[in-house]
Amino acid sequence: MGPLLAGVLAIWFLLTVLFQWKNALQARIAELDRLHLIPQWTFFAPNPGTYDFRLMVRVLDGDGESSPWNEVLPVAHRGPLSGLWNPERRINKAIVDLTQRLVRAHPSLANPDAIVGSDVQAAPNYRRLLACATNGHGDRAVRFQFMVVATTGIEMPEDPRLVFKSALHETAGTDHVTA
Amino acid sequence: MSLLDANRAAAALVSLAVALWSLEFLSLSRQFEPRGVFSSSVFDSTRTRGSAVRAFVLRGVASPKGLRLTLLLRLAAAVVIAFATAWPGILSLALACAIATGVLLSYRCGAGGEGADQMITVVLGGLLAGSLAAVGGGSYASAGLWFIAAQCCLAYCAAGIAKLGSPLWRSGDAVVRVMKTASFGSTRMWKLMSSHPLLGRVTCWSVIAFECLFPAALILPKPLMYGLLLAGAAFHIAMAFVMGLNNFVWAFLAAYPAIVYCNERVGAMLGR
């Protein structure tokens with residue numbers, strides 16, 4: 001059994017080496033590695049995350065009046081004990097992951113005037129963000145829209161940059177698109 | 001450091017990482033509800049296609065009760081890993097359970113993973129291979145530790161080389177700009193680095209140098225190797241308290257006993 005185990009570990013390591021830098025095999029390994037067992041070790045490089053991704057939602061009432069954009073799942077303030085306990089980082093990271101994958105798969109979303117087609121709305125990453133955006137609507141809300149903006153700054157977010165904006169959705173059933 | 005001691009130390013540290021992982025996800029249970037960022041409604045419709053067994057397992061972990069049970073099972077496996085190193089059979093089961101639940105839960109979440117999760121899987125995988133080899137008679141029992149050590153060196157080195165190729169890191173701006181984000185930054189550190197640009201450059205180049213040079217830990221004389229590992233521990237603890245990357249501490253320190261073990265074997269080969 002020993003040689004077999006050693007062989008498995010050697011293959012695992014070799015695939016990890018091949019997976020670190022852009023090459024013909026990298027995409028193939030990513031495609032086959034459904035369980036994400038092959039690590040990508042290039043943390044915060046070459047381009048570290050220098051923006052916060054913020055999920056913003058606005059609601060429209062029956063008269064078409066729009067609320068201001070409000071942040072959903074805001075980046076949690078980190079206290080002195082965050083070095084020991086910090087589960088909220090997973091929420092921020094998930095919003096970044098979902099947004100980046102969505103925009104990578106649908107580059108047309110980078111255009112602020114893009115029409116969000118049914119293919120985008122059917123994407124699991126879009127639907128996850130949509131699910132989060134259904135939180136906290138008031139009683140008078142009829143429709144809502146969400147967007148992700150990238151900001152810098154800790155206490156006072158600044159330099160907001162639109163990453164993408166959703167279609168308008170009915171508040172009653174999030175799957176029904178009206179625009 | 002003996003093979004058993006290295007395995008024990010790695011198992012104790014990785015069990016802390018697995019326990020913290022499980023407890024943090026248990027505390028995020030609201031995010032697994034239909035309006036959460038790990039919503040199961042999306043998961044149900046998009047991820048449970050395929051064989052009946054696969055669909056059964058994935059539907060089970062998609063339900064709130066199944067998810068909680070899986071997280072508790074992973075937590076229990078962490079406790080067993082910490083205390084069962086003398087019993088390779090039980091240890092193998094607990095390690096396999098921790099790997100399987102980790103893979104399943106990461107698949108279930110679909111987003112929000114981090115590098116620490118990858119290192120946890122690597123350490124668990126190496127320890128599992130070692131304990132299975134012990135069950136099977138003991139040949140190649142150290143292969144798992146060599147694997148963990150090699151992955152740990154690759155992890156730092158690949159990260160260092162990628163940073164070296166980035167103008168943002170070479171200029172010293174990378175750390176300053178990361179410090180200006182709410183997700184990973186710190187107002188105090190950002191103000192300090194903005195007013196002292198040299199500090200940003202020194203920090204960036206220190207990280208690049210440390211990461212690129214880390215593989216030398218395998219061949220350095222013991223005092224220098226311990227110095228490098230202490231620098232690594234300080235680096236991860238600083239990242240935990242400044243950037244909130246708390247589980248990198250336990251995940252990466254779990255690989256260090258393998259570095260010590262392999263350094264001693266390399267030293268013996270070199271006649272030190």
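# Cysteines and the fold of chain A

User: In this predicted model, is B:C109 buried or exposed?
Analyst: The cut-off for a buried residue is under 20% relative accessible area. B:C109 has a relative accessible area of 4%. By that cut-off B:C109 is buried.

User: Which cysteine has the sulfur closest to that of B:C153?
Analyst: B:C153 is buried, at 6% relative accessibility. A distance of 5.8 Å to the closest cysteine sulfur is too far for a bond. The cysteine in question is B:C152.

User: How many disulfides are there over all chains?
Analyst: The sulfur pair of B:C153 and B:C152 is too far apart for a bond, and so is the pair of B:C109 and A:C132. Over all chains, the count of disulfides is zero.

User: In what order do the elements of chain A run?
Analyst: Chain A holds five helices and five strands. Read from the N terminus, their order is α-α-β-β-α-α-α-β-β-β.

User: What is the radius of gyration of chain A, whose order of elements is α-α-β-β-α-α-α-β-β-β?
Analyst: For 179 residues the globule rule gives 16 Å. Chain A is well over this value, so it is more spread out than a compact globule. Its C-alpha trace spans about 70 × 45 × 30 Å along the principal axes. The radius of gyration of chain A is 20 Å.

Notes
Residues numbered from 1 in each chain as written. Chains lettered and ligands numbered in written order. Predicted model: local features only at pLDDT ≥ 70, side-chain atom pairs only at ≥ 80, totals over all residues. Heavy atoms only, no water. Disulfide = S-S within 2.5 Å. Buried < 20%, exposed > 50% of the residue type's maximum accessible area, 1.4 Å probe, protein only. Helix = DSSP H or I, 4+ residues; strand = E, 2+ residues; numbered from the N terminus. Rg over C-alpha atoms; globule rule 2.2 N^0.38 Å.
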